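Hi,

Here is the structure I promised to pass on.

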Amino acid sequence: MTTASLPLQPITEDFKEAVAFALSQNEAARAFVDEVVAGGLRNVFLVGCGGSLTAAYPAHFLLETRASFPVFHMNSDEFNLRRPALLGEGSLVLVSSHTGTTKETVAAAEYARSTGAKVAALTRSADSPLAKAAHAAFTYRSEDTVVAPKGVLFGQLVYALLEKTGAEGDYAAIRAAYEALPEALYKSQEEGEELAASIAAALADEDVTYVLSAGPNYGAGYGFTMCYLMEMQWKHGGSYNAGEFFHGAFEVVTEGQPVILFLGEDATRPMAERAKTFLDKYTKKAHYVDSRIFSLPGVPEAVRGDITPIALDVFGTRLARHYESVRGHDLDKRRYMFQVEY
């Protein structure tokens with residue numbers, strides 16, 4: 001039974017500033033993309049580890065569903081060891097690491113450059129090893145506000161790629177939505193506080209929690225499970241695609257099995273709704289994080305589905321803070337990461 005607790009940390013003080021700084025790099029992103037496309041773009045690779053890999057799920061979804069060129073998404077070390085046959089001149093590699101020091105990711109940038117690929121780094125600092133290994137670096141400068149600006153940086157690069165290569169889209173509406181994000185995402189955290197508090201209080205002592213999500217929102221679900229529940233709270237968890245859930249994992253569900261389900265507003269929402277219908281019937285411990293609870297002021301209705309993956313990912317950061325508070329387990333506490341050789 002949880003007895004310890006910590007004060008609930010506020011929404012990060014520099015949240016709006018960090019998102020605005022990411023937005024300020026849009027023209028630089030467009031200029032970089034213009035150069036890459038002019039040089040003969042053939043494909044795109046999204047590369048990173050942990051939270052930096054999960055942050056690329058919305059970008060992967062957008063490119064895979066709208067682009068005229070192939071896109072690949074993989075762990076940094078997998079990228080280094082797999083050595084993709086299609087990597088080389090004409091490839092663009094978007095490689096991400098918060099600290100810019102993740103050894104596998106720095107090696108991935110260096111390897112990609114050695115093949116003739118163009119490399120863009122998404123990272124905190126412009127003077128990090130990763131930034132220096134890339135042709136261009138897009139940064140957010142914040143130690144505390146990471147998910148939202150990283151989502152913006154990925155998005156700006158992806159939409160620039162889509163627009164430059166002739167993919168159909170309402171790019172004016174998308175830009176209006178992005179410009180609204182400093183305020184809209186801050187407000188979404190305020191709107192989600194009651195839900196986050198209720199989930200953390202209900203599940204703080206549970207042995208195992210399963211997390212379901214789909215499409216561009218899979219990164220939010222997977223990232224919450226691995227980076228927050230397991231890494232930062234030492235809680236057992238499992239993350240599953242909401243469609244794949246019905247091909248094995250759902251057999252462990254009983255009326256006492258906790259499940260968190262993320263529901264977005266993109267084309268894959270029916271997958272999440274199908275899971276909700278099942279969970280409503282077979283467990284009493286289902287908790288739903290539906291992006292429709294976020295008002296997202298300034299975001300045009302027609303493009304909410306493009307924005308809600310970022311909002312759900314940001315919600316995960318607040319949910320983690322509520323777990324930290326209820327359980328008294330500091331999010332910075334580690335057994336192994338940064339503590340031992342691995």
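Start with helix H11 (residues 218-232): Phe224 and Tyr228 sit 4 residues apart in it, so about one helical turn separates them. (Helices are DSSP runs of H or I with at least four residues, strands are E runs of at least two, and both are numbered from the N terminus.) Phe224 and Tyr228 are both buried, meaning under 20% relative accessible area with a 1.4 Å probe, protein chains only; over 50% is exposed, and in between is partly exposed.

Before going on, a word on the source: this is a predicted model, where local features need pLDDT of at least 70 and side-chain atom pairs count only at pLDDT 80 or more, while totals for chains, interfaces and linings use all residues. Residues are numbered from 1 along each chain as its sequence is written, and side-chain values use heavy atoms, with hydrogens and water left out.

Now the ring pairs. I call Phe, Tyr and Trp (six-membered ring) a pair if the ring centres lie within 6.5 Å; planes under 30 degrees apart are stacked, over 60 edge-to-face, and the rest tilted. That gives 19 aromatic pairs. Phe224 and Tyr228 make a tilted one, at 6.1 Å centre to centre and 45 degrees between the planes. Phe246 and Phe278 are edge-to-face, because their planes are at 90 degrees, with the centres 5.7 Å apart. That pair links distant parts of the chain, 32 residues apart: Phe246 is in the loop between strand E7 (236-241) and strand E8 (259-263), Phe278 in helix H12 (residues 269-282). Both Phe246 and Phe278 are buried.

Cheers
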